[in-house]
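Dear colleague,

Please find the structure below, together with its sequence. My notes on it follow directly after.

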Amino acid sequence: MDAGGGPLLPDSVLYEIFLYLDHVDVLSAGLVCRQWHAVARDEFLWKELFYRYYRISREVPRHPAAVSWYDEFQRLYDTIPCVEVQALKEHNDQVLHLSFSHSGCLFASCSKDCTVKIWSNELDISLQHSSNMRPYNWSYTQFSQFNSDDSLLLVSGVFVGPHNSSSGEIAVISMENFTLLSRVRNKPYDVFGCWLNETNLISGNLHRIGRITSCSVLWLNNAFQGIESENVNVVKRLFKIQNLNASTIRTVMVADCSRDSEEEEAKPKQMPEPALQEFPDDGGVTAEDGLQQFFDDIMEGRVRPAMTETELETKVAELFVRNRTKPPELNLLSTDSNSKTKYLIFTTGCLTYSPHQIGIKRILPHQMTTAGPVLGEERRSDEFFDSLDHVIDIHGHIIGMGLSPDHRYLYVNSRAWPRDCVISDPMQPPPIAEEIDLHVFDLKTMKEVKRALRAHRAYTPNEECFFIFLDVSRDFVASGAEDRHGYIWDRHYNICLAKLQHDNVVNSVAFSPVEQELLLTASDDTTIKVWRSPRTVRIQQARKPRPRKLLFSWLMNQRS
């Protein structure tokens, strides 16, 4: 124990660390290790060690919550969940997603074996329940989320419809007795779905307008519906958004921006403000007049160069929607921190089918219940579509998103497009990089902060690209990857701290919401691995009763 009463780093670790400093030789390092308690509070030494060992720029300040450089070094060494303590092998196919309950007592896993499994998070994790979704014509389960009081579980999967057509479906399962409460159609399936509040969930639907033009409708559904009434939902339409160039809305999530924010002192770098969704101003010309003028220009040969069928469809759609769209909400960035502000966040696009933009839409208080007008009767006849309140362009294929615990920061996994690339065909997106960039956006300023995190990789091309789920705790961010590893970074210093090995692609990671020194990883190798920090492992081992020596046991048996 050190002078402050905390556990100290092992001598062997300190010995290796001090050897790293080029001004400390083997002899003096050995002496220091034998007297390490005398230097444990040498701030200059530990500061030098910290920056050089972790290769951090000296411009990055110490974590604002750190008491000393020694404690900060110990935190990064001793509290990272990088020790494998258990491998769960109850799934018999690829494990796609993991989610914890808010209490941390339970977690759920989804898999290509078409089951959702509920696990009890104790010292030794055990399976509590398994629900097979094949009787409901599901191909597999892909995502799950507990509601805010952990009484219900949302499970999203791929549903096989008539003539083997595939769509999505959301099921709601009661955590009291694991009964299925309701089912809701969800299209496309990678909308996933999410909770808005304790009893209402968000799903999607897609309506084709043309070959590359469509309309996404986002619905608010009551969780308590009859199991057989999936086609007659208790619903309310939230938003109706036009999609251009084969794009669709996917991966919806809700950010509750009324939560208390964490204190982070990293200074945001100045980035250009992403623009709201806007339509060109033609000097007061109505959409009908503009559309008629466009057709007249085509018929009289005034459109040069000749437009392709795809370009023509997109142009007509843009002209049609110009005066039929409800304007965005004003003052998106200047909301009262004490108000119940919630944002609907999703991936979208405007140039190609691969998701390359993040759309943000404020959810107003009257929209947070299924009460009131059901099918959007409150709209005026000329407000056929909703505009986005904010758009963030990623310039790459988005393959994952996650929120910080306070919902202040949005973390985004993406695979970049080549610089200065031009997209001429929406069905032929640019090639994507193997390196995965992990971007961080501040939802209060809508700007990117820090630099993108890197270390993890992916190899599949655009048409085969799949979601890599990430998770964020108070101090760390973790992500899966296609290179057979999970990764952990420190949020403050932007450094990679650990690689967690699997035998195949790592699809999902999840921190315990009450204990960030516990992390789960899920892989195509069909296993869920449980990782704990070195500090936690030592504590748990110290609590276990030590086995008696064989000789002592033999003597006791002889005496009896």
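Proline 430 has a relative accessibility of 7% and therefore counts as buried (buried means under 20% relative accessible area, exposed over 50%, and partly exposed in between, with a 1.4 Å probe and protein chains only). This proline lies in the loop between strand 21 and strand 22; helices (H or I, at least four residues) and strands (E, at least two) are DSSP runs, numbered from the N terminus. Leaving aside neighbours within four places in sequence, proline 430 is in contact with Trp417, Pro418, Cys421, Ile423 and Asn462, where contact means heavy atoms within 4.5 Å. The C-alpha atoms of proline 430 and serine 354 are 9.4 Å apart, although 76 residues separate the two along the chain.

Please note that this is a predicted model, in which local features need pLDDT of at least 70 and side-chain atom pairs count only at pLDDT 80 or more, while totals for chains, interfaces and linings use all residues. Residues are numbered from 1 along each chain as its sequence is written, and side-chain values use heavy atoms, with hydrogens and water left out.

Strand 21 and its partners

Strand 21 (residues 409-416) is largely enclosed by the rest of the structure, because seven of its eight residues are buried. Strand 20 (residues 396-403) pairs with strand 21 in the antiparallel sense over seven bridges; two strands pair if DSSP finds at least two bridges between them. In this pairing, glycine 400 stands opposite asparagine 413. The hairpin of strand 20 and strand 21 has five residues between the strands, and histidine 407 takes a positive phi near 60 degrees there. Strand 21 is also joined to strand 22 (residues 437-442), by six bridges in an antiparallel arrangement, with tyrosine 409 opposite aspartate 442.

Strand 7 (residues 152-160) and strand 8 (residues 166-174) are paired over nine bridges, and valine 160 stands opposite serine 166.

Helix 3 and helix 4

Helix 3 (residues 43-53) packs with helix 4 (residues 69-78) at an angle of about 35 degrees, their axes being 8 Å apart. Axes are lines fitted to C-alpha atoms, for helices over the stretch in contact, and angles run from 0 to 180 degrees between N-to-C directions. Residues making the contact include Trp46, Leu49 and Phe50 of helix 3 and Trp69, Phe73 and Leu76 of helix 4. The buried residues of helix 3 are Leu45, Trp46, Glu48, Leu49, Phe50 and Tyr51. Just after this helix, arginine 55 has a positive phi of about 55 degrees.

Nonpolar cores

The largest nonpolar core has 24 residues, of which Phe50, Tyr54, Ile488 and Leu519 touch the most other members. Such a core is a set of buried Ala, Val, Leu, Ile, Met, Phe, Trp, Tyr and Cys residues joined through side-chain atoms within 4.5 Å. Helix 3, helix 4, strand 25 (476-479), strand 27 (495-501) and strand 28 (506-512) each supply at least two residues of this core. Apart from it lies another core, of 18 residues, including Leu196, Ile202, Ile241 and Met368.

With kind regards
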